[in-house]
Amino acid sequence: DFQVYAPLAEQAKARGIHPLFGLEVMAMLDDLRQTDVKINDPGNPGKFYLCGKGITHYDPLPADAAALMAVIRENDAARMTEMASRLSHLVAEAGLDGGPDASALRSAIAQRYGCPLETVYLQERHLAQAYQELFFERLPEPEREPFLTSLFGVPSSRSGDPVTVQNEIRSHLMKAGKPAFVQETYVGFDHVYRLVLALGGIPCYPTLADGTSPICPFETPVEQLVASIRERGIHAAELIPIRNRPEVLTEYVTAMRRAGLVVTAGTEHNTPDLLPLEPTCLGGLPVPEPLRAIFWEGACVVAAHQERVRTGESGFVDENGRPNQEFPTDEDRIAAFARWGAVVIERTAKGVQMTP
């Protein structure tokens, strides 16, 4: 729930860290689903992930954002309730009763983190973690391995490692075609695009590139990808270097930046894996130095956009997603926002209070 952002910002800035806030939402492009085109999800044709960078309108949510968000959350809640029920049934069939339903799981999460119940929205990872903890609590390791083999249909690769078991619960039981899978109810692209803008953010395309093999057809060649996302009003892209080989990362980042997109780097901090905060390429290889400069520029652009929108000034894109028209070219716009953002971040690092 976005209510966590304001206190997180306060705590981060008190330590000299400038927070950049965002979200990721999913849409379905029916025309691409019907033609079996995979976009940035290798398992689901037509499924389109969209990020929002530098959001500011989150507590309280504007009325239009709240209405758009409510549709997504209602769909998610219904899906998670059914997936929790299917998981409980599967685990009971394998010989272990007592799996939590969605209501019990939400209550447990609220209690664990000391947060209001109404701020808890379940995701697949919550279910996987709850069942992994159930297995580890109720089954000694000598019993756990045969139980997991029976449940998954294949042996667990590391039945003593919590993160591995959580990932295996998702891959063997919860993904498309698996016994606890429940089809997602998607909204359309326009819905998620309007949500990002209603929250004050920059629409940003999260690029998978060679995070899957073969690369998704929507994303290759990279020049086609750039044209496709710009047609949809997207002027920023993100890659997660740890998924990519350095040479592929270089190909995509340089082509995107050359085409006038802002490019940012993300990490894979969506599981309990203890990964470094600084992005690296696949296999721990370093991010090439020219790309580090591009990623830093992107972070600065987001920082400037977030701060300017927060203070009522014009952002990198406007409320309709159009690039700021005060600048004659993409390069002028990016350079100005990168320069402003670097100042914003530096002021936070030095403990200088920004004018609200």
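Figure 1. Cys300 is buried, with a relative accessible area of 2%. For Cys281, the closest cysteine sulfur is likewise in Cys204, at 18 Å, again too far for a bond. Cys281 is buried, with a relative accessibility of 0%. A disulfide would require the two sulfur atoms to be within 2.5 Å, and the structure holds zero disulfides. The model shown in this and the following views is predicted.

**Figure 2. Helix H12 and the elements that cover it.** Helix H12 comprises the 20 residues 330–349. At 1.5 Å a residue, a helix of this number of residues should span 28 Å, and the C-alpha atoms at the ends of H12 are 28 Å apart, in agreement with that expectation. The buried residues of H12 are Arg333, Ile334, Ala336, Phe337, Ala338, Gly341, Val344, Ile345 and Thr348. The cover over these buried residues includes helix H1 (5–14), helix H10 (246–258), strand S5 (262–265) and helix H11 (289–310). H12 is followed by Gly351, which has a positive phi near 80°.

**Figure 3. The buried and exposed faces of helix H1.** Tyr5, Ala9 and Ala12 are buried in H1. These residues cover an arc of only 70° around the axis, which places them on the same side of H1. The exposed residues Glu10 and Ala14 are carried by the face of H1 turned away from its buried side. Strand S1 (22–28) is included in what covers the buried residues of H1. Just after H1, Gly16 adopts a positive phi of about 80°.

**Figure 4. The second largest pocket.** The second largest pocket contains about 270 Å³ of space. It is lined by 13 residues, of which Ala9, Lys13, Phe21, Tyr58 and Arg310 are the closest to its centre. H1 and H11 are the elements that give two or more residues to this lining. The largest share comes from H1, with four residues.

Figure 5. Gln132 is part of helix H5, residues 124–138. With a relative accessibility of 5%, Gln132 counts as buried, since the limit for a buried residue is under 20%. When residues up to four places away in sequence are not counted, Gln132 touches Pro162, Val165, Gln166 and Ile169. Val262 is 130 residues from Gln132 along the chain, and the C-alpha atoms of these two residues are separated by 39 Å.

Figure 6. Val192 is located in helix H8, which covers residues 189–198. Its relative accessibility is 0%, and Val192 therefore counts as buried. Apart from neighbours within four places in sequence, the residues in contact with Val192 are Val25, Met26, Ala27, Leu50 and Val187. Leu68 is 124 residues from Val192 along the chain, yet a distance of 7.9 Å separates their C-alpha atoms.

Figure 7. The loop between strand S3 (202–207) and helix H9 (222–231) contains Pro214. The peptide bond that joins Ser213 and Pro214 is cis, with omega about 0°. Pro221 also has its place in the loop between S3 and H9. A cis peptide bond joins Thr220 to Pro221, with omega about -5°. Ala209 is a further residue of the loop between S3 and H9. Although Ala209 is not a glycine, its phi is positive, about 50°. Ala209 is buried, with a relative accessible area of 0%.

**Figure 8. Asp36 in the loop between H2 and S2.** Asp36 lies between helix H2 (30–34) and strand S2 (47–53), in the loop that joins them. Its phi is near 65°, a positive value in a residue other than glycine. Asp36 counts as exposed, with a relative accessibility of 52%, the limit for an exposed residue being over 50%.

Definitions and conventions:
Residues are numbered from 1 along each chain as its sequence is written. This is a predicted model: local features need pLDDT of at least 70, side-chain atom pairs count only at pLDDT 80 or more; totals for chains, interfaces and linings use all residues. Side-chain values use heavy atoms; hydrogens and water are left out. The expected span of a helix is 1.5 Å times one less than its number of residues. Buried means under 20% relative accessible area, exposed over 50%, partly exposed in between (1.4 Å probe, protein chains only). Contact means heavy atoms within 4.5 Å. The arc is that of the directions from the helix axis to the C-beta atoms. On a 1 Å grid over the protein atoms alone, a cavity is a set of points where a 1.4 Å probe fits but cannot get out, and a pocket is an open set with protein on both sides within 12 Å along at least five of seven lines; lining residues have an atom within 4 Å of a point. Grid points are joined across faces, edges and corners, and a volume is the space filled by probe spheres set on the points.
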